[in-house]
Amino acid sequence: MGDDRSPGPGDPARASSVDVPEAVHFDEEERPARELPGWAGVVVASVAFGAALLVLWQVFRPLAQGSQFYLIIFLAWTLPLVFLAYKSGFGKGRETPGVTDWILAGAALLVCLYPVNPFAGGYNAFLDRQGLLEPVDVIFGAVLLVLVVEACRRTTGWALPIVCSLFLAYGYYGGLLPQHLPVAHSGLDFAQIVDALYNSGSGFYGTPLDVAATYIVLFTIYGAVLDLSGASRFFVDLSVAAFRKSRSAAGRTAVAAGFLLGTVSGSGTATAVSVGAVTWPMLRKAGYPREQAGGMLAAAGVGAILSPPTLGAAAFIVAEYLNVSYLTVLGWAMIPTVLYYLGILLAVEIDVRRFGVRAIDAPATSAWRLLGRFGYHFSSLVVIVVLLALGQSATRAVVYATILAAALSFLDRRSWLTPRRIFTALSAGVRGVLPVVAVCAAAGIITAITTKTGLGAQLASLLVSGAQAITDNPQAVLALTVVLAAFALALLGLAVPVTASFIIGWVIIGPALLALGVPAAAAAMFVFYYSVLSEVTPPTALAAVGASAITGGRAIATMWQALKYALPAFLAPIAFVLTDNGEYLLARGPVLGIVWTTAAAALAVLGLAVATGGWVLGVGPAGPVSRVLAGLAGVLLLYLAPAAVAAGAAALAAAVLIAAVQRRRGHPPALSRAPHPAPSPGPASQPAPGPAPQPAAAPKPASPSAPAESSEDTRSREEA
């Protein structure tokens, strides 16, 4: 392969890229797992590999006993791994599983396999006892309930287990509520609750776990194979090379790398951390403040959950709930994804001018050369979409794409997928889905209680009634309901992971929107986007926390910067449900309608970027009046009614004109410029291994062995 090879870690041409850490495919809901050295690691990897083979077998030769039987076997294979792969959080936190972990894993295996136990009558006999469980059935179901909640706690923290406990308490004690209350019900005894969870299609083995075991695990395996085949390294190299001659190169590279890695990751936090490890040295040398860079990385990373063809785990649940193909959901996500990244790129261009960002030295390798040599990594992504368009199921499409990615790995000697590496990829793919399995099984508690008690319809009715108590105007009622729903979803996302947030939001808020005449597609995508945006919402924005750990910036300040970059994504989903034309942004409607609404939304994103960034591209700084007008323009344009679009365009033109007049008069509004941080030797800002690009004209420190450190750097590290 000679000179055509992509520059290696030690090559001068690879000046701004390093090897991307392997396993960038873990889910955003995952807490750090154990490293598992020695024989314990071999056991977990082997069991995970066996689970991967089961999943692949199910695609082409489904188990004859049906879907629920497969879910029982899948949960029995994966739930025990959670107790071995994740620490309990108590004590010193051993890197190897302790006696308690092995006991819990064994108990999980036993209670998961109990429904298919031939000594208890077998699977069919267990189903026949639905609604009339025997005492031993109730005991085993109760143990599984405790284990599922504990697995969820280990992988995601305390928030979701607490939410599950509240739902269980409501199911058990709801009969004691005054019966005139809308949320009161007749009450469920413990055996009824266990029956709903353990022996029905709406509990542990409901739609969320079905999606995790059928779709999500295959995509995590695909992401692991694509990563080990060298695709992640290529995507970052391509992003670096594509913008090498621009003053905005560092910021554009971070955004482009976030999008490209997001196509195979589907994880906001993972993508933000992986991209940050590579691009933070570039951003620092270009002159980006720590919090600004961290916010950019977090926003670009969260775009991974919105980026086709993988999206996030909740997108598969959208397809399953609405009974549409996954390709249809991808089509709905295309325009919002473009608008999201347009907003980030506009903010990047504004920051380049506000903070006086410097150009950096360009890598020697051109983007065209990289595309010519390694562009085949895009092939498997294209194959997924093509096969879906040809009518193949999503499961088969991703398996074929995985096989293609493995075969193409042999075009690069460094990335050959040998049998050992295939074993690693398959086991890593299953390990990557363990947090999703725990979350989806726990979400079954919420859906089962909601179904049994009718809570979803009752809360939806309360939401609509609250809006109707304020006004009788149908459009105003819809607007108030949408605002309340957005606020509720934002609060919910602070406590629980994205997948659980969507499931809870859909069973409670979805019916309220549907009752007001909102189309199912628009309602589902509204809930989906607001569930995703919890990743950048203070004070628990996980992607921003991960990015701040890379840059050494203050976590809360980084969250607010990420919120600024992602602002258009908070307003665009409201357009889906507030007006009849909002569906056009989901590519549902006539071509002309889709085109003009997309153009209006793009102008809205521009207005919001001016309002939050305080700069008009091509003109200069924007004063308070211009910023207010630009923000008003963004809101009006997103209403997507012809009169509102005309008024918004006029307001945006006025904002630009006022900024231009102020610039011409020689009195531009004062803007606060953040000082350029000097390179700091602190561990929080250490670049990933490998040489980093040098700035075009970097100031030299007083001593080569002791670089100067600004007070901002010291404060940022101490507060981080």
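## A tour of the salt bridges

Select Asp 101 and Arg 154. Their side chains form a salt bridge, with 2.9 Å from N to O. Asp 101 sits in helix α3 and Arg 154 in helix α5 (residues 135-156), so this pair ties together parts that are 53 residues apart in sequence. This is a predicted model, so colour it by pLDDT as you go.

Now check the surroundings of the two partners. Asp 101 is buried, at 7% relative accessible area. Arg 154 is buried as well, at 3% relative accessibility.

**Next stop: Asp 412 and Arg 233.** Select both side chains. They meet in a salt bridge, 3.5 Å from N to O. Asp 412 lies in the loop between α17 (394-408) and α18 (419-453), while Arg 233 belongs to helix α9 (residues 231-242). The two residues are 179 apart, and the pair links distant parts of the chain. Is Asp 412 buried or exposed? Asp 412 counts as buried, with a relative accessibility of 1%. Arg 233 counts as buried too, at 16%.

**Then move to Glu 583 and Arg 588.** Here a salt bridge joins the two side chains at 2.6 Å, N to O. Glu 583 is buried, with a relative accessible area of 15%. Arg 588 is partly exposed, at 34%.

Show Asp 101, Glu 150, Arg 153 and Arg 154 together. Salt bridges that share partners join these four residues into one network. How many salt bridges does a search of the whole structure find? The search finds 11.

**Now look at confidence.** The mean pLDDT of the protein is 80. Of its residues, 84% reach 70 or more.

Select residues 1-30. There pLDDT stays under 50, and the model has 100 contacts beyond four places in sequence for this stretch. Select residues 670-720 next. Again pLDDT stays under 50, and the model has 95 such contacts here. Where pLDDT is low, the predicted coordinates should not be read in detail.

Conventions:
Residues numbered from 1 in each chain as written. Heavy atoms only, no water. pLDDT = per-residue confidence, 0-100. Contact = heavy atoms within 4.5 Å. Helix = DSSP H or I, 4+ residues; strand = E, 2+ residues; numbered from the N terminus. Buried < 20%, exposed > 50% of the residue type's maximum accessible area, 1.4 Å probe, protein only.
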